Amino acid sequence: MTNEPTRAAVELDEDTIAFAAKVFNYCRTGETEVMADLLAGGLPANLRNDKGDSLLMLASYHGHGALTRLLLEHGGDPDLANDRGQTPLAGACFKGDLEIARLLLDHGASVDARDPNGRTALMIAAMFDRVEILDLLLARGADPSARDAGGATAAAAAQAMGAAAAAARLAQARAIDV
């Protein structure tokens with residue numbers, strides 16, 4: 001038997017819930033200075049909302065580079081996935097944000113982390129024709145031969161989505177590796 005409270009035993013008052021909502025909104029809107037004060041005051045950098053989205057996930061997904069950097073410098077986990085198994089890097093690939101993707105990788109994000117369907121960031125970048133991000137991921141060691149749960153590679157995902165530039169770049173990368 002442990003002394004840790006169960007999820008059902010933890011009751012939050014309305015003020016705490018309202019405060020948490022504000023904190024998550026600060027990350028969506030890029031309130032770097034406010035978040036810097038909160039983090040300096042002890043706010044956990046890996047705080048998550050009811051969907052499992054971390055502060056870092058929200059800041060990076062919404063393209064707030066300075067806040068993303070701040071959260072990473074305060075211990076935000078670049079591989080902390082939400083309840084759907086999505087990582088901040090996968091979100092940056094979906095959004096097409098090269099600088100956020102680079103920042104996450106520079107702070108230790110796993111280049112080949114997988115979601116529950118086995119998709120990697122490279123596959124997501126390929127699906128949405130994010131060629132610059134594709135190049136970054138490949139340069140950082142992403143595995144172009146990795147397969148998702150259905151057996152598709154990043155090249156197959158690009159072809160299926162009609163992402164011609166990404167499909168061509170992956171074909172070129174395969175030719176260079178041969």
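Before I start, residues are numbered from 1 along each chain as its sequence is written. Because this is a predicted model, local features need pLDDT of at least 70 and side-chain atom pairs count only at pLDDT 80 or more, while totals for chains, interfaces and linings use all residues, and side-chain values use heavy atoms, with hydrogens and water left out.

Let me begin with the chain. It has 10 helices and zero strands, where helices (H or I, at least four residues) and strands (E, at least two) are DSSP runs numbered from the N terminus. The C-alpha trace spans about 60 × 40 × 25 Å along its principal axes. Of the 178 residues, 39% count as buried, and by buried I mean under 20% relative accessible area, with a 1.4 Å probe and protein chains only. Cys27 and Cys93 both belong to that group, since Cys27 has 0% relative accessibility and Cys93 has a relative accessible area of 0%. The structure holds zero disulfides, a disulfide being a pair of cysteine sulfur atoms within 2.5 Å.

Now please look at helix α4, residues 65-73, where Leu67, Thr68, Leu70, Leu71 and Leu72 are buried. Against which helices do the buried residues of α4 pack? They pack against α1 (14-29), α2 (32-40), α3 and α6 (98-106), with contact meaning heavy atoms within 4.5 Å. After α4 comes Gly75, which has a positive phi, near 95 degrees.

That brings me to the pockets. A pocket, on a 1 Å grid over the protein atoms alone, is an open set of points where a 1.4 Å probe fits, with protein on both sides within 12 Å along at least five of seven lines, and lining residues have an atom within 4 Å of a point. A volume is the space filled by probe spheres set on the points, which are joined across faces, edges and corners.

The largest pocket holds about 400 Å³ of space, and among its 16 lining residues, Leu12, Phe24, Arg48, Asn49 and Asp50 lie nearest its centre.

The second largest pocket holds about 270 Å³. Its lining has 18 residues, and Tyr61, Asn82, Arg84, Gln86 and Gly91 are the closest to its centre. The elements that give two or more residues to this lining are α3 (55-61), α5 (88-95) and α7 (121-127).

Terms used:
Buried means under 20% relative accessible area, exposed over 50%, partly exposed in between (1.4 Å probe, protein chains only).
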